[in-house]
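Hi,

Here is the structure I promised to pass on.

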Amino acid sequence: MRNLENATIEQLIENTPTIDEALFYFKNWYKKRNYHYRDIIKNATFLYELASDCLKEFAKIKIATESNPNFVAAVVEAATELRATLPAFNAFRNSSYIYTLAQKKVRKQNILV
């Protein structure tokens, strides 16, 4: 099982994360913030919801790149811009931001609209 902590968007597109990988990622994410969220066992549902929501958001990227190969360049460009902007950027966790920004780039829309 790979760690999604340092995975690039290109690696994620090529090899889609599994629910186990997503849960592993969020379990580690959660452990780093334990003082905020308390007991991990009591919050297992919370972790599963985070993992499944991120997988759903990433699925949008995967489907869009499979149906439109040109969308890959927009996704990579969006991920690069977000990595430079967000201090705690993670390609998996921030996939909804990547997807939204890539869509705007493809449509040539202003990202502030």
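The protein has 6 helices and 0 strands, with helices (H or I, at least four residues) and strands (E, at least two) taken as DSSP runs and numbered from the N terminus. Read from that end, the order of elements is α-α-α-α-α-α.

Before the details, the ground rules: this is a predicted model, where local features need pLDDT of at least 70 and side-chain atom pairs count only at pLDDT 80 or more, while totals for chains, interfaces and linings use all residues. Residues are numbered from 1 along each chain as its sequence is written, and side-chain values use heavy atoms, with hydrogens and water left out.

Some overall numbers. Of the 113 residues, 35% count as buried; buried is under 20% relative accessible area, exposed is over 50%, and partly exposed is in between (1.4 Å probe, protein chains only). The accessible surface comes to about 7100 Å², and 54% of that belongs to carbon and sulfur atoms. The areas are from the Shrake-Rupley method with a 1.4 Å probe; for residues, only the protein chains shown count as cover. Among contacts (heavy atoms within 4.5 Å) between residues at least 6 apart in sequence, 56% join residues at least 24 apart.

Now to helix H4, residues 44-67. Its 24 residues should span 34 Å at 1.5 Å a residue, and the end C-alpha atoms are 35 Å apart, which agrees. The expected span here is 1.5 Å times one less than the number of residues. Buried residues of H4 include Leu47, Cys54, Phe58 and Ile61, and Lys62 is also on that list. The buried residues of H4 pack against H1 (9-14), H2 (19-32), H5 (71-85) and H6 (95-106).

Of its 30 residues, Ile9, Phe26, Ile61, Val75, Phe92 and Ile98 touch the most other members. H1, H2, H4, H5 and H6 each supply at least two residues of this core, and the largest share, 7 residues, comes from H4.

Leaving out residues up to four places away in sequence, Ile61 touches Ile9, Ile13, Val75, Ser95, Ile98 and Tyr99. With that same exclusion, Ser95 touches Cys54, Glu57, Phe58 and Ile61. Ser95 sits in helix H6 and counts as buried at 1% relative accessibility. Between Ser95 and Ala79 there are 16 residues of sequence separation and 8.5 Å in space, C-alpha to C-alpha.

Finally, the rings. There are 5 aromatic pairs: rings of Phe, Tyr and Trp (its six-membered ring) pair if their centres lie within 6.5 Å, with planes under 30 degrees apart counted as stacked, over 60 as edge-to-face and the rest as tilted. Tyr25 and Phe26 have ring centres 4.9 Å apart and planes at 80 degrees, so that pair is edge-to-face. Phe26 and Trp29 are edge-to-face too, because their centres are 5.8 Å apart and their planes are at 80 degrees. Being 3 residues apart in helix H2, Phe26 and Trp29 are separated by about one helical turn. Phe26 is buried at 1% relative accessible area, and Trp29 counts as buried at 14%. Together, Tyr25, Phe26, Trp29 and Phe92 form one aromatic cluster.

Cheers

Definitions and conventions
A nonpolar core is a set of buried Ala, Val, Leu, Ile, Met, Phe, Trp, Tyr and Cys residues joined through side-chain atoms within 4.5 Å.
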